[in-house]
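I opened this entry to record what I looked up, item by item, while reading the model alongside its sequence.

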Amino acid sequence: MNFIVEILGGFSALASPEVLAYMIVGFLIGTFFGSVPGLTSVLAIALLLPITYSLDVVPALVMCASIFMSGMYAGSITATTINIPGAPSSMMTSIEGYALMKQGYGANALGHAALGSMIGGVVGALLLIALTPVAAKVSLLIQTPGKFSLILFAMVVIVISQRDAIAKGMVATLLGIMIATIGIDVMQPIARFNFGTEALVEGIDMMPLIIGTFAISEILYQAYQRRDPLAIDVDTRKLAPIRRRDFLPPLREIREIGVFTYLKSALIGYFIGVLPGAGGSMAAFVSYAEAMRKSKKPQEYGKGSREGIAAAETANNSMCGGAFVPMLMFGIPGDPTTAIVLGVLVINGLQPGPRLLDTQLDLIAPMFASLLISALILIPLTLFLLGPYFVKIVSIRKALLYSCIAVVALVGSYVATYSPFQMMLALVFGVLAFFLRKQNYPTVTLLLGFILGPDLEQYLRRSLSLNDGNPLTFVTSPDSLFFLVLTAIFFYFMVIRVPKTPKA
Amino acid sequence: MSSSSIAARRESILMLLFLLIITTIYLATALQITPQFDEGLVGPSFVPVLASILMYLALGFVFRDVLMTSKAQSAADSETQDTSDEETSLVVPIKVVGVTALYIAAFKTVGYPISTFLYVYALLFLFKLENTGQLRRIAYSVIITGVFYVLFAVIFQVRLPLLEGLLP
């Protein structure tokens, strides 16, 4: 009962003009970053991270949630209008959406994408609210060896999710763990890997790593590519104009897609979101493939299937709710965005775990409410108000955009400690991430390795200390054994017995 | 094998070498860690040593992939002509890193307004803000510097360095 009251309190917190303003600003920022090719909602939240030092925790989390939701939806805008997915999770939408755009149904495709995102976002947020107390109770049952095995499971899933680059994913994850070991040891009061410098004794802060990995490396990557990713094809500009009256999908088309498709896609997206490292791209891909497999009109796929758009967009927005569950209950981020949101929590002194719901639900509930309201109201509202101008919005000049991002990123790094050392660290990590990215190493796994590494080490050493160094404790402890078996199952199905890739 | 394939392979191997060196330094340092109290096998150096060993293993897998990709690439190159049109260059990123390092070095001494104005101007130049005159480029630099000063210093109350470093 108390939980429900607190959640309702979260909605009333959004009635505060200040918090509401942050939610709307966050949504617009997310829409912009999500729709512009080359920018992502991850980058938007990374740039926001330093600003959260000056914000209260509620507006900061509310803003993060609305950026997350809008960024996931907004990827479909450029995917449909100019055939360049604004975010990787909109790859499937670009196949179907742009085909419809060329047939003169661009507005209709955007309408279906928004409707799918809205349904997925709402279902994901409702499931998050409904299942978080259950997840909190389950998490209380997990003891120290189980926590180690859970984090190990998360790390293995993160690495094997990099389907074409598992070895590179492992390298990046281990690099993250290695960076995380710099500074004071997790169990003993000794400094490790500081190489005699005082500046490294306290370890590497999460912020320069995030800013470097996601912002500076992006700037360098764009400088590396001579072609302007924001340049829009002349032919695209000649396509049929987008009109507001065409946004609303006809009821006949919605019936053809079917309530079952929406719900199934939302559930797929949510549960993929719960898996660490899987993210929106996998959610959209799996849901799209499943919808195509069960479709009554599979021949339409690849030529402008509204059902395909609905399945992909419903799943990637539903993923947003799912990704919060492991982050809030176990401190294990489901994707890069929630990894940065975890940083916001830590900066504000909130520790993820089941006690978060007992003691600080009043701070978390507005974030849940923001996810729901962003999906339910802001997605359709933004489409209606800004829809006809989307192509113009994403035509901003690369030079101006990246200059602004560079200033926000570097000054933001300075904000944390008022020290240029943090700025220099951000630059160093940016250069490292740029070269890793250039060689197709997944930099997201570097961040997740950095975040999960200290907990992995701590639980491993604690478990062994408590059991006289006996490693069998990981097998004899039922919760630990459960996660080890789960790891083996995932490894079998994702690496050994690789699923067939559906034809798009 | 085409010149672009050779360059790509060389870059991949250079990256592997870099990571190998980093890992070796890391492992050597890990082996020198002296614990304050005995924890048995899993002391402060256990995870770093384990991470290093796994890193060597992972780098070995990546190296194998690089070799296999190179073989496949050379087979493909013998059948098709190289059509890559060199849409990428490392020159601009290196310049961006240079001006960013200068900006960071000057940030506290010269202060936010001047250093940021010069930095933005340099970035606009490097990112080739085309069809724009000198005056407009200066105007953009002033506007961007001003907008973010208002955001950080006025709205979020962050103390940004002004000209303290230059004053006696």
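Before sorting any lining by class, I wrote down the scheme: Ala, Val, Leu, Ile, Met, Phe, Trp, Tyr, Cys and Pro count as nonpolar, Asp, Glu, Lys and Arg as charged, and the others, Gly among them, as polar. I also note that this is a predicted model.

**Entry 1, cavities.** I searched the whole structure for cavities of 30 Å³ or more and found one, and the volume of the largest cavity came out at about 40 Å³. From chain A its lining takes in A:Ile216, A:Ile219, A:Leu220, A:Ala406, A:Leu410 and A:Leu427, while chain B is represented by B:Val96, B:Thr100 and B:Tyr119. Under the scheme above, I sorted this lining into eight nonpolar residues, one polar residue and no charged ones. I then asked which helices each supply at least two residues of the lining. These are helix 9 (206–224) and helix 19 (398–417) of chain A, together with helix 3 (91–110) of chain B, and helix 9 of chain A gives the most, with three residues.

I checked the UniProt record, an unreviewed entry, which lists residues 12–33, 45–67, 88–106, 112–129 and 138–158 of chain B under "transmembrane region".

I searched all chains for disulfides and found zero. A:Cys64 is in no disulfide, and the nearest cysteine sulfur, that of A:Cys320, lies 12 Å away; a disulfide would need the two sulfur atoms within 2.5 Å. For A:Cys320, likewise in no disulfide, the nearest cysteine sulfur is that of A:Cys64, 12 Å away. Is A:Cys64 buried or exposed? I count A:Cys64 as buried because its relative accessibility is 0%, and A:Cys320 is also buried, with a relative accessible area of 0%.

I placed A:Pro189 in the loop between strand 1 (183–184) and strand 2 (191–192) of chain A. I count A:Pro189 as exposed because its relative accessibility is 55%, and the cut-off for that class is over 50%. Leaving aside neighbours within four places in sequence, I found A:Pro189 in contact with A:Ile184 and with B:Gln36 of the other chain. Finally, I compared A:Pro189 with A:Asn108: they are 81 residues apart in sequence and 61 Å apart in space, C-alpha to C-alpha.

Notes. Residues numbered from 1 in each chain as written. Chains lettered and ligands numbered in written order. Predicted model: local features only at pLDDT ≥ 70, side-chain atom pairs only at ≥ 80, totals over all residues. Heavy atoms only, no water. Helix = DSSP H or I, 4+ residues; strand = E, 2+ residues; numbered from the N terminus. Buried < 20%, exposed > 50% of the residue type's maximum accessible area, 1.4 Å probe, protein only. Contact = heavy atoms within 4.5 Å. UniProt positions renumbered as here; feature names shortened; annotations may be inferred. 1 Å grid on protein atoms, 1.4 Å probe; cavity = no way out; pocket = protein on both sides within 12 Å on 5 of 7 lines; lining within 4 Å. Points joined across faces, edges and corners; volume = space filled by probe spheres on them.
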